[in-house]
Amino acid sequence: MSETDQPLDQRRLRLTSVLPVWLLAVVGAVLVLTLTRKDSFAWLLLVFVLCVLVSFVLQLITATKDGLVERISIASSGAFVVVLVTAVVLLAR
């Protein structure tokens, strides 16, 4: 089933439950890059764990089981990519 075949509600649900997690990851990564000098990687791990927890909470709030695993996977993977890029930047400092 392609994305154009999915109902509008499913696509909207995916956007509203995935984008906040990605935004949280970006904001957390920027905060870690700008505010921490010591233990940056520990703070970055905390940002990722928080993103995963928020992802699960958002899925519970939606109370829709159709596409649950897909939405959690997309949200967590996006947050992981943000954290990974931030870790590379921290290593390059």
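Which residues does Ser40 touch, not counting residues up to four places away in sequence? Ser40 touches Val32 and Leu90, where contact means heavy atoms within 4.5 Å. This is a predicted model, in which local features need pLDDT of at least 70 and side-chain atom pairs count only at pLDDT 80 or more, while totals for chains, interfaces and linings use all residues. Residues are numbered from 1 along each chain as its sequence is written, and side-chain values use heavy atoms, with hydrogens and water left out.

**Overall architecture**

- The protein contains 3 helices and 0 strands, and its pattern along the sequence is α-α-α; helices (H or I, at least four residues) and strands (E, at least two) are DSSP runs numbered from the N terminus.
- Along the principal axes, the C-alpha atoms fill a box of roughly 45 × 25 × 15 Å.
- Of the 93 residues in the protein, 31% are buried; buried means under 20% relative accessible area, exposed over 50%, and partly exposed in between (1.4 Å probe, protein chains only).
- The accessible surface amounts to about 6200 Å², and carbon and sulfur atoms account for 74% of that surface; these areas come from the Shrake-Rupley method with a 1.4 Å probe, and for residues only the protein chains shown count as cover.
- Among contacts between residues at least 6 apart in sequence, 73% join residues at least 24 apart.

**Helix α2**

- Ser40 belongs to helix α2, which covers residues 40-62, and counts as buried because its relative accessibility is 8%.
- The side chains of Ser40 and Thr36 are joined by a polar contact of 3.0 Å. A polar contact is a pair of N or O atoms within 3.5 Å; within protein, one must be able to donate a hydrogen and the other to accept it, and residues adjacent in sequence count only if both atoms are side-chain atoms.
- Leu58 also lies in helix α2 and, leaving aside neighbours within four places in sequence, is in contact with Ser17, Pro20 and Val21.
- Leu58 and Ser76 stand 18 residues apart in sequence and 12 Å apart in space, C-alpha to C-alpha.

**Helix α3**

- Arg71 is placed in helix α3, residues 68-92.
- Arg71 is buried yet has no salt bridge, and the nearest side chain of opposite charge, Glu70, is 6.8 Å away. A salt bridge is a side-chain nitrogen of Lys or Arg within 4 Å of a carboxyl oxygen of Asp or Glu; Lys and Arg count as positive and Asp and Glu as negative, while His and the chain ends are not counted.
- Not counting residues up to four places away in sequence, the residues that Arg71 touches include Gln10, Arg14, Gln59 and Asp66.
- Phe80, Val81, Leu84, Val85, Val88 and Val89 make a nonpolar surface patch of about 520 Å². Patches are made of residues with over 30% relative accessible area and no salt bridge, with like charges joined within 9 Å and nonpolar side chains (Val, Leu, Ile, Met, Phe, Trp, Tyr) within 5 Å.
- Val89, found in helix α3, is partly exposed, with a relative accessible area of 39%.

**Loop residues with positive phi**

- Most residues other than glycine have a negative phi.
- Asp39 is not a glycine, yet has a positive phi of about 60°; Asp39 lies in the loop between α1 (8-35) and α2 and counts as exposed at 52% relative accessibility.
- Ala63, in the loop between α2 and α3, has a positive phi near 55° and is exposed, with a relative accessible area of 68%.
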